[in-house]
Amino acid sequence: MTHPFHQPVVATLMNQMLLLENMGRFEEAIKTTRAAFLLSENILFLNETASLMIMLGDRAGAVSLTRDQKHPCSVKIHAVAAALLAGQSKVTVGGLTFQITGRNWELEGEWLAGKPYEPEETELIASFMANGRDFIDVGANAGCHTMAIAKRFPQSTVFPVEPEPTMARTLAANAELNGLTNIDFRGVGKACTPLGEPASLQFRSSASSTRETKYGGFPVPGVSLRELLSEKTAVVKLDAEGAEVNIIRSCEKELADLGVVVVAEDLLGEGARGVCEDGALGKYLPEVDAGVLCSIPMHAGRNVAFRLKK
């Protein structure tokens with residue numbers, strides 16, 4: 001519990017931590033997270049410290065710091081750090097093999113526990129697919145949905161879009177590990193932007209938290225959704241950390257004319273984290289009279305499947 005006297009200091013340290021990470025100054029950021037944890041005993045700062053330790057190569061330190069912690073994120077970080085410390089570099093779950101990098105502990109912790117990541121969303125996407133129809137995976141990360149759909153529908157082509165450099169390399173490596181040849185990599189290493197313009201992304205200790213920023217960060221080339229759409233496209237998944245509505249608006253007519261099913265995140269409450277308007281997708285869909293097919297809950301909101309009407 002943060003003492004009231006310390007609350008302004010902790011808030012300042014939180015902002016300083018995010019700014020330092022955004023600029024890629026991780027050695028300084030870790031000093032800030034340690035100080036914030038000592039003042040507040042907030043598990044968020046302990047977890048951030050441990051994840052920065054993994055990034056900076058101190059796996060033993062991360063294992064020690066998270067040992068005996070019960071918070072779900074602490075458990076995941078501990079499992080990833082321990083696996084890397086033991087020399088483990090990959091894991092097989094749900095019939096697919098993935099690299100363990102330490103840069104993606106939110107997903108890698110799930111895999112090490114024997115759990116596929118977001119299996120409900122994978123099944124939702126698969127329910128609208130057919131062999132020979134294509135899938136565009138915006139925000140593909142290490143390729144959870146990309147690999148699962150490519151394996152299940154071998155006559156289809158999957159188009160992952162993933163801007164974060166470490167995850168872009170990991171996605172390509174995972175495709176090779178699983179012997180998948182029906183993946184088109186033209187969007188890997190690029191950000192999905194409305195007009196295909198370049199973007200600037202923030203650095204973060206977990207690749208899953210990377211998002212667009214106007215302050216510092218690193219530049220990446222862009223690709224528009226319109227460039228990837230075709231008459232064969234069946235499903236587009238959008239996990240763009242708050243940019244979903246802008247991407248959809250950029251090609252509403254094409255999505256409607258092609259009858260594409262869009263599966264997109266609607267971040268709610270704390271999940272929005274100031275990145276986008278709370279429930280932005282839920283507010284947009286009635287505006288365009290979209291046909292909502294179904295909705296499934298997720299940890300930070302919900303995933304919505306819908307078609308835009310012609």
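This is a short exchange about a predicted model.

Visitor: Why are helix 3 and helix 4 called roughly antiparallel?

Guide: Helix 3 (residues 43-55) and helix 4 (residues 59-66) pack at an angle of about 160°. Angles over 145 degrees count as roughly antiparallel. Helix 3 and helix 4 are therefore roughly antiparallel to each other. Their axes lie 7 Å apart, and the crossing is left-handed.

Visitor: Which residues in helix 3 and helix 4 meet?

Guide: Helix 3 brings Leu46, Thr49, Ala50, Met53 and Ile54. Helix 4 answers with Arg59, Gly61, Ala62, Leu65 and Thr66. By class, the contact has 6 nonpolar, 3 polar and 1 charged residues.

Visitor: Why does Ile54 count as buried?

Guide: Ile54 has 5% relative accessibility. Buried means under 20%. Ile54 therefore counts as buried. Leaving aside neighbours within four places in sequence, Ile54 is in contact with Ala62, Ile77, Val80, Ala81, Leu84 and Gly102. Gly102 is 48 residues from Ile54 along the chain, yet their C-alpha atoms are separated by 6.1 Å.

Visitor: Why is strand 3 described as largely enclosed by the rest of the structure?

Guide: In strand 3 (residues 134-138), 5 of the 5 residues are buried, so the strand is largely enclosed. Asp134, Ile136 and Val138 point one way. Phe135 and Asp137 point the other way.

Visitor: How do you know that strand 3 pairs with strand 4?

Guide: Pairing needs at least two bridges. Strand 3 and strand 4 (residues 158-162) have 4, in the parallel sense. Asp137 stands opposite Pro160 there.

Visitor: What joins strand 3 to strand 10?

Guide: 5 bridges join strand 3 to strand 10 (residues 233-238), and the two run parallel. Lys237 is the bridge partner of Asp137 in strand 10.

Terms used. Residues are numbered from 1 along each chain as its sequence is written. This is a predicted model: local features need pLDDT of at least 70, side-chain atom pairs count only at pLDDT 80 or more; totals for chains, interfaces and linings use all residues. Side-chain values use heavy atoms; hydrogens and water are left out. Axes are lines fitted to C-alpha atoms, for helices over the stretch in contact, and angles run from 0 to 180 degrees between N-to-C directions. Angles under 35 degrees count as roughly parallel, over 145 as roughly antiparallel, 65 to 115 as roughly perpendicular and the rest as oblique. A crossing is left-handed if the near helix is turned anticlockwise from the far one by less than a right angle, and right-handed if clockwise. Contact means heavy atoms within 4.5 Å. Ala, Val, Leu, Ile, Met, Phe, Trp, Tyr, Cys and Pro count as nonpolar, Asp, Glu, Lys and Arg as charged, and the others, Gly among them, as polar. Buried means under 20% relative accessible area, exposed over 50%, partly exposed in between (1.4 Å probe, protein chains only).
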